[in-house]
Amino acid sequence: MSDNKSLENLVTQVRRDILRMVHKVNSGHPGGSLGCAEFLVTLYNDIMKLNDGFAMDGKEEDVFFLSNGHISPVIYSVLARRGYFPVEELNTFRLLDSRLQGHPTTHEGLPGIRIASGSLGQGMSVAIGTALTKKLNGDNHLVYSLHGDGELQEGQIWEAAMYAAGNKVDNYIATIDYNKKQIDGATDDVLPLGSLTAKFEAFGWDVLAIENGNDIQAIKDGLAEAKSRTGKGKPVCVLLHTEMGNGVDFMMHTHAWHGKAPNDEQLESALAQNPETLGDY
């Protein structure tokens with residue numbers, strides 16, 4: 001178990017990584033990346049049971065799939081800071097011939113990345129297949145995935161959700177980044193999602209919410225509860241209420257920074273709000 005202060009320091013450094021990566025190439029998705037920093041830092045450094053090194057098959061360890069692959073800056077930073085590859089490699093984000101492309105892919109062989117993601121709606125299907133494989137192999141570890149709430153407008157999600165419940169895939173925890181914003185505006189304005197709790201429960205899932213998805217202790221408690229509900233015949237859905245752009249005042253409470261890079265002055269302001277804690281790359 002990691003203490004909250006250490007995790008908070010890591011979150012602050014991850015925010016700096018995200019901002020600097022996106023600024024350097026004037027491209028990327030800082031909003032959702034910042035909103036999920038606390039969740040992914042806590043997941044990788046406190047919740048998941050991980051082996052040393054990286055094996056593509058993920059045997060005898062917990063496995064995570066990022067479905068909303070556009071928030072690649074945050075997963076790259078978290079993986080690097082966890083030791084999967086050199087932190088200095090973050091400097092190559094979105095450059096030609098880099099292993100750190102705008103959406104994660106597998107053919108570059110980047111440790112920690114098991115699927116190409118970014119085509120929204122597909123991550124749940126892959127996660128379900130992996131969870132079923134673990135059952136067949138007698139592997140009692142869990143499978144986790146992360147999805148954007150706007151991603152739930154994709155039909156494949158609901159086909160997969162129906163399949164998971166119908167086949168009692170109860171070693172799987174799917175988390176929804178429930179910030180209620182997407183690239184074109186509020187989800188309620190683009191295509192209302194209705195009650196996600198009612199929807200997932202109607203599809204046969206066990207559902208819980210983390211009301212403050214940017215609070216490390218709330219994430220720890222919520223994911224501990226989610227883990228306690230596995231193995232009981234139902235897949236588990238966590239509704240993670242986050243703030244897009246969290247930690248940077250001018251990026252919060254708006255969808256505008258879903259896919260926009262800060263300019264020089266904005267970067268300076270954002271970094272001033274997140275002082276260096278573990279050393280910049």
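Trainee: Is His253 buried or exposed?
Mentor: This is a predicted model, in which local features need pLDDT of at least 70, side-chain atom pairs count only at pLDDT 80 or more, and totals for chains, interfaces and linings use all residues. Residues are numbered from 1 along each chain as its sequence is written, and side-chain values use heavy atoms, with hydrogens and water left out. Buried means under 20% relative accessible area, exposed over 50%, partly exposed in between (1.4 Å probe, protein chains only). His253 has a relative accessible area of 61%, so His253 is exposed.

Trainee: What is the phi of His253?
Mentor: Most residues other than glycine have a negative phi. His253 is not a glycine, yet its phi is positive, about 65 degrees.

Trainee: Where does His253 lie?
Mentor: Helices (H or I, at least four residues) and strands (E, at least two) are DSSP runs, numbered from the N terminus. His253 sits in the loop between strand E7 (236–240) and helix H10 (264–272).

Trainee: Which residues of H6 are buried?
Mentor: On the other side of H6, Glu159, Met162 and Gly166 are exposed. The buried ones are Ile157, Trp158, Ala160, Ala161, Ala164 and Ala165.

Trainee: Within what arc do the buried residues of H6 fall?
Mentor: The arc is that of the directions from the helix axis to the C-beta atoms. The buried residues line one face of H6, because seen down the axis they fall within an arc of 160 degrees.
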